[in-house]
Amino acid sequence: MVDAVVIGSGPNGLVAANVLADAGWTVEVLEEQDEPGGAVRSDRGVDPAFVNDLFSSFYPLAAVSPVLAKLGLEREGLRWSHAPRVLAHPLLDGSCAVLDRDRTVTAAGLDDAAPGDGQSWLELCGIWDRLGDDIVKALFSPFPPVLSGGVLAARLRAAGGLRLARSLLLPVRRFGEEEFSGEGGRLLLAGNALHADLAPEAAGSGGFGWLMSMLGQSHGFPVPVGGAGALTSALVRRLRARGGSVRCGHRVTEVVVRQGRAVGVRTAHGEAVPARRAVLADVSAPSLYGSLVAPEHLPSRLLEDMRRFQWDFATFKVDWALNGPVPWTSPAVASAGTVHLAEGVDELTRWASQIARSLVPDRPFLLFGQMTTADATRSPRGTESAWAYTHVPRTVKADAGADGLTGGWDAGERERMADRVEEQVERYAPGFRSRVRARRILAPPTLQAADANLRDGAVNGGTASLHQQLVFRPVPGTGRPETAVKGLYLASASAHPGGGVHGAPGANAARAALRSTRASATVLTAAQRLMARRGRGGESSGPLG
C-alpha cells in the first residue's frame with residue numbers, strides 16, 4: 001500500500017507527487033491517458049518531421065514559479081528556449097505592438113507610435129519592480145497567504161495604495177485608456193488579459209493583463225526545448241528517481257470513502273488502489289464532486305454550490321506544419337514567439353460579446369504560436385511549427401459567420417471553423433495558406449477526449465473571473481485544497497490559484513496533506529504520552545491500562 005494516490009498526471013498532479021516523494025512518502029500516480037502530462041504534451045502527429053504541442057506551449061508562469069524552481073527540473077534535463085521577441089500584436093495598417101524582454105525596446109516601440117506611451121510603460125514596469133516578487137509569492141502560496149500577503153500589503157501601500165489597487169481592479173479597456181494615449185500599450189494589456197477568459201470590460205482584467213505583460217517583460221514566454229512534453233518528462237523522471245510511480249491507461253472512477261475518510265480509489269478496470277494517508281485529485285472540481293465522490297459523502301451546500309460552478313470558454317485549436325515562415329505583412333512579427341491577432345481592442349470586445357451571446361465568432365481573436373521561432377529543434381530549418389487557438393461558446397445558439405456552425409463539431413464543422421481561423425491569419429499574413437504542409441484540428445470534443453480536465457476545451461479549470469477566485473475557488477469557502485472528505489485534496493487548476501502551468505495547486509494540496517499527517521501524528525504522540533503518565537501513576541486507562 002502506498003502513502004498517497006494521485007489522480008491525474010498533469011503538471012499539478014506530478015508536482016504534488018514530487019513534493020510528497022521529497023517528504024519520504026510512497027506515491028502512485030494514476031493516469032487515464034496512454035501517456036502522462038495532461039495538457040503539457042507534444043508529439044509528431046501533424047508531420048513526422050515537426051514537433052507540435054498538443055495543448056499549452058508558452059510558460060511564463062512556470063518561469064516565475066517558486067514551486068517549480070524548488071524542484072530543480074534543469075537537473076532532470078529540462079532546458080528552456082526563447083523567441084527573439086516575446087509577443088507581437090500587428091494591425092492591418094502594418095503597425096505592430098511588440099513586447100521585448102528589453103523594456104527599453106518595448107517602450108521605444110510604443111513611444112514611436114504615441115509619444116509619452118513609452119514612459120507610461122516604464123512606469124508600469126517600475127511598479128512591477130517594487131511589487132512583482134511579492135505578488136508572485138502571494139499568488140503561489142497556500143491561501144490565505146498570511147506572511148507573503150502581509151508583505152505585499154505593505155509594499156502596495158508604499159507603491160500607491162488604494163489608487164494602485166483601483167487600477168488593478170479596472171477592466172483592461174479602461175486600464176489601457178488611463179495609461180496610454182495610443183493603441184499599442186492598450187493592445188499588449190488587453191491581448192494578455194485574454195490569455196484567460198477575461199473580456200476587455202471584465203472587472204480585474206486590467207490587473208491580469210498587467211500581470212501577464214510584466215511576466216513577459218521580465219521573464220519572457222519561454223518554451224521547453226524539444227516540446228512541451230520535455231517538461232512532463234522531467235517531472236516524471238524526478239518522481240521515479242525518488243521511488244514514485246506513474247501508471248498510464250488507468251482511469252479512476254471512484255474515490256473510496258470509509259467513515260468520512262478517503263482510503264483509496266477504484267479504477268475502470270475494477271482495481272482497488274488503497275492509500276495509507278491521502279488521495280490527491282488533479283481533476284476538475286465538477287468531476288471530483290459530481291462523479292468520483294459519491295454524493296452521500298458530501299455536504300448538500302457543496303453540491304448546491306457546484307451547480308453554480310462556471311467553466312471558462314471552450315477552445316478551438318489548429319496545429320500546422322508550415323513549409324516556410326509565416327509571411328507577415330509587418331516584419332516585426334516574424335521574430336515573436338506569441339502573436340495576438342485582432343484588429344484592435346474594439347474587435348476584442350466584439351469577439352468576447354459574440355461568445356457571451358453564444359455565437360461562434362465570425363472573426364476569431366487568435367493566439368498564434370511560432371514554435372520553431374521560439375525553439376529551433378521543433379522543425380527543419382526554413383520551416384515553422386505553428387498553432388493558433390481561439391475560444392468559442394460552450395453552448396452554441398448560432399453562428400455569427402456565414403458557415404452555419406452549430407457547435408456539433410462534426411468533421412464538416414471542424415474543417416469550416418479551421419478555414420475561418422486560417423482566413424483570420426491571412427488578413428495579417430497574405431499567402432499563409434500556401435505555406436501549409438499539414439494541419440491538425442482540435443475542436444472542443446477532441447480536446448476533452450485527449451484530457452478530461454479540458455471540459456469542452458476549457459483550459460483554466462474554471463473561469464478566471466473575480467467571482468470564482470481566491471476564497472471563491474472553486475466554490476465559496478476557504479480557497480484551500482482540503483475537501484469535506486478527510487484525506488482528500490483538490491490538486492487541480494480548479495483550486496486556488498487556478499489555471500496556468502506553475503504547479504501551485506498541486507504543491508498546495510501536497511503540503512496540506514503533509515500538514516494534516518503531522519498534526520495527526522502530534523495528537524497521537526500527545527495521547528500516547530498521556531497514557532504513559534497515567535500508567536506510571538497507577539491510573540486506569542481502560543482496556544489498555
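**Confidence**

I started with pLDDT, since the model is predicted. The chain averages 93, and 92% of the residues score at least 70.

Next I traced a sheet. In what order do the seven strands run? I get E7-E6-E14-E16-E17-E13-E19, an open sheet with mixed pairing. E7 (96-99) and E19 (436-442) are the edge strands; each has a single partner, so one side of each has no neighbour in the sheet. On average, neighbouring strands are turned by 20° against each other, ignoring direction.

I zoomed in on one pair. E16 (residues 366-370) and E17 (residues 384-392) run antiparallel, joined by four bridges. Within E16 and E17, I noted Phe-368 standing opposite Ala-388.

**A helix across the strands**

Which helix lies across E6, E13, E14, E16, E17 and E19? That is H16, residues 411-428. I checked its direction against E13 (314-322) and got about 65°. The list of strands under H16 also includes E6 (85-90) and E14 (336-341).

**H4 against H5**

I moved on to a helix pair. H4 (residues 103-113) packs on H5 (residues 117-140) at about 150°, and the axes are 7 Å apart. From H4, the residues that make the contact are Arg-103, Thr-106, Ala-107, Leu-110 and Asp-111. On the H5 side I listed Asp-117, Gly-118, Gln-119, Trp-121, Leu-122, Cys-125 and Asp-129. Sorting the residues of this contact gave me five nonpolar, three polar and four charged.

Last, I looked for cavities. How many reach 30 Å³ or more? I count one cavity. The largest cavity holds about 40 Å³ of space. Its lining consists of Phe-58, His-82, Ala-83, Arg-85, Val-86, Gly-220, Phe-221, Gly-337 and Ala-374. By class, the lining splits into five nonpolar, three polar and one charged.

I then cross-checked the lining against the sheet. Arg-85 and Val-86 line the cavity, and E6 spans 85-90. Gly-337 is in the lining too, and E14 spans 336-341.

Methods. Residues are numbered from 1 along each chain as its sequence is written. This is a predicted model: local features need pLDDT of at least 70, side-chain atom pairs count only at pLDDT 80 or more; totals for chains, interfaces and linings use all residues. Side-chain values use heavy atoms; hydrogens and water are left out. Axes are lines fitted to C-alpha atoms, for helices over the stretch in contact, and angles run from 0 to 180 degrees between N-to-C directions. Helices (H or I, at least four residues) and strands (E, at least two) are DSSP runs, numbered from the N terminus. Contact means heavy atoms within 4.5 Å. Ala, Val, Leu, Ile, Met, Phe, Trp, Tyr, Cys and Pro count as nonpolar, Asp, Glu, Lys and Arg as charged, and the others, Gly among them, as polar. pLDDT is the predictor's confidence in each residue, from 0 to 100. Two strands pair if DSSP finds at least two bridges between them. On a 1 Å grid over the protein atoms alone, a cavity is a set of points where a 1.4 Å probe fits but cannot get out, and a pocket is an open set with protein on both sides within 12 Å along at least five of seven lines; lining residues have an atom within 4 Å of a point. Grid points are joined across faces, edges and corners, and a volume is the space filled by probe spheres set on the points.
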